[in-house]
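Visitor: Please take a close look at the ligand site in this model. I would like to know what surrounds the ligand and which atoms approach it.

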Amino acid sequence: MNDTFLKACRGEKTDYTPVWFMRQAGRYLPEYQKVRGTVTFLELCKRPDLAVEVTLQPIDIFGMDAAILFSDILIPMEAMNLKLEFHEGRGPVFPNPVRDQKGVDNLIVPDPDATMDFVMETIRLLRKELKVPLIGFSGAPFTLATYLIEGGSSKVFLETKKMMYQQPEVYHGLMRKITECTSLYLQAQARAGAQALQIFDSWAGVLAPCDYEEFAMPYVSSIISDLRKVTDVPLIYFANNGSTLIEHTVTVGADVLGLDWRIKIQDAVAKVGNHALQGNLDPIALFLPKDKMRKRIGAIVEGAKDAKGHIFNLGHGIVPQVPPEQVRIAVDAIHELSAR
Ligand code: CP3
């Protein structure tokens, strides 16, 4: 068992910097496309045999130091009693967005083991196959709420912010339900065998710091404090576009803070103190020529040398257009340049 990733999460010394990439299982891989060609995205998430197969693909091909469960942050929202669709080229769609108290009342807090056994089964099967640690995950309540309220992806988050400002009781009621669902869901993943848990706050960066503090952060802290009572697996919190929120995000209680690429990693090290860091290569830097990419990677490894722990990652998900060969060059360079 390669436990370099878990050691880095805990701030222990490692022989080299472990690496995994957000969205490492996905459309840039012909092997993924082949499996995906036979089923819809939602079917793929719900078929443990296939979800296991695509989770393992990047590990087998490139040798990352951790695997991330193949699923989606919106899977538990469907279990909350919402119709969810994925439209080709447009992404997720909730045809009946939550915009009022009636919409909130309509949501249930599901028993994750009963309603999402396919996720737990995928985790159990993966643990039998994997020789690197398995990361489970969820969305953060604010990020999940944006999809439910907007009815899908958004650019300015008008409906979400309108609900926060104009119907705060409805908004907070919605957040309490999403938080309870997410907390139980992550606990169930840990019981099933997930060895670390990441909370994705993809849209936290669209909030002013005062709004983040009032409308998003308390719900993340609450999930983390629930988890601490029942499991000691490392907890990673990734607030995308969150460089301006670091003084807040250090207080949510995670072991590891994920960083996007908009901050120099040494500046983050100076601010976070007692946390391991994960990041933070610009996903598009995978298109750099080999020598320049290696230089960037070397600078990140060097910039993080005084961190309590460093897990190399991209600053956000890998894009589907990346040539797989560039991913191989990156993973090899990270291992080579960080060898101690
Ligand atoms: O490899 C991994 O990282 C594990 C699998 C994973 C997926 N989604 C698979 C996926 C993970 C961890 C996610 C998280 C997720 N899903 C997030 C948070 C991370 C981030 O990117 O900010 C968000 C916001 C979502 C919601 C979501 N799912 C969107 C907006 C989309 C459409 C956009 C897109 O990239 O197509 C998805 C679809 C999705 N999730 C795909 C995959 C592989 C593509 C689906 C396909 O095969 O057609």
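Guide: What follows describes the ligand site, then the loop residue next to it and the sheet.

This is a predicted model, in which local features need pLDDT of at least 70 and side-chain atom pairs count only at pLDDT 80 or more, while totals for chains, interfaces and linings use all residues. Residues are numbered from 1 along each chain as its sequence is written, and side-chain values use heavy atoms, with hydrogens and water left out.

The ligand is surrounded by 22 residues, counted as near if one of their heavy atoms lies within 4 Å of it. R27, Y32, D72, S202 and H316 are the closest. By class, this shell holds 13 nonpolar, five polar and four charged residues; here Ala, Val, Leu, Ile, Met, Phe, Trp, Tyr, Cys and Pro count as nonpolar, Asp, Glu, Lys and Arg as charged, and the others, Gly among them, as polar. At least two shell residues come from each of α2 (30-36) and β3 (91-93). Helices (H or I, at least four residues) and strands (E, at least two) are DSSP runs, numbered from the N terminus.

A polar side-chain atom of Y32 is 2.5 Å from a ligand oxygen. For R36, an N or O atom of the side chain lies 2.9 Å from an oxygen of the ligand. R23 takes part through its backbone, with an N or O atom 2.7 Å from a ligand oxygen. The ligand taken alone exposes 870 Å², and the protein buries 89% of that; areas come from the Shrake-Rupley method with a 1.4 Å probe.

R23 belongs to the loop between α1 (4-9) and α2. Its phi is near 60°, a positive value in a residue other than glycine.

Turning to the sheet, seven strands form an open arrangement in the order β1-β4-β5-β6-β7-β8-β9, with parallel pairing; two strands pair if DSSP finds at least two bridges between them. The edge strands, β1 (67-68) and β9 (310-314), each pair on one side only. Parallel strands β5 (residues 196-201) and β6 (residues 235-239) are joined by five bridges, and F200 has F238 in β6 as its bridge partner. Strand β8 (residues 276-281) contains N280, and the peptide bond from G279 to N280 is cis, with omega near -10°.

Definitions and conventions
A polar contact is a pair of N or O atoms within 3.5 Å; within protein, one must be able to donate a hydrogen and the other to accept it, and residues adjacent in sequence count only if both atoms are side-chain atoms.
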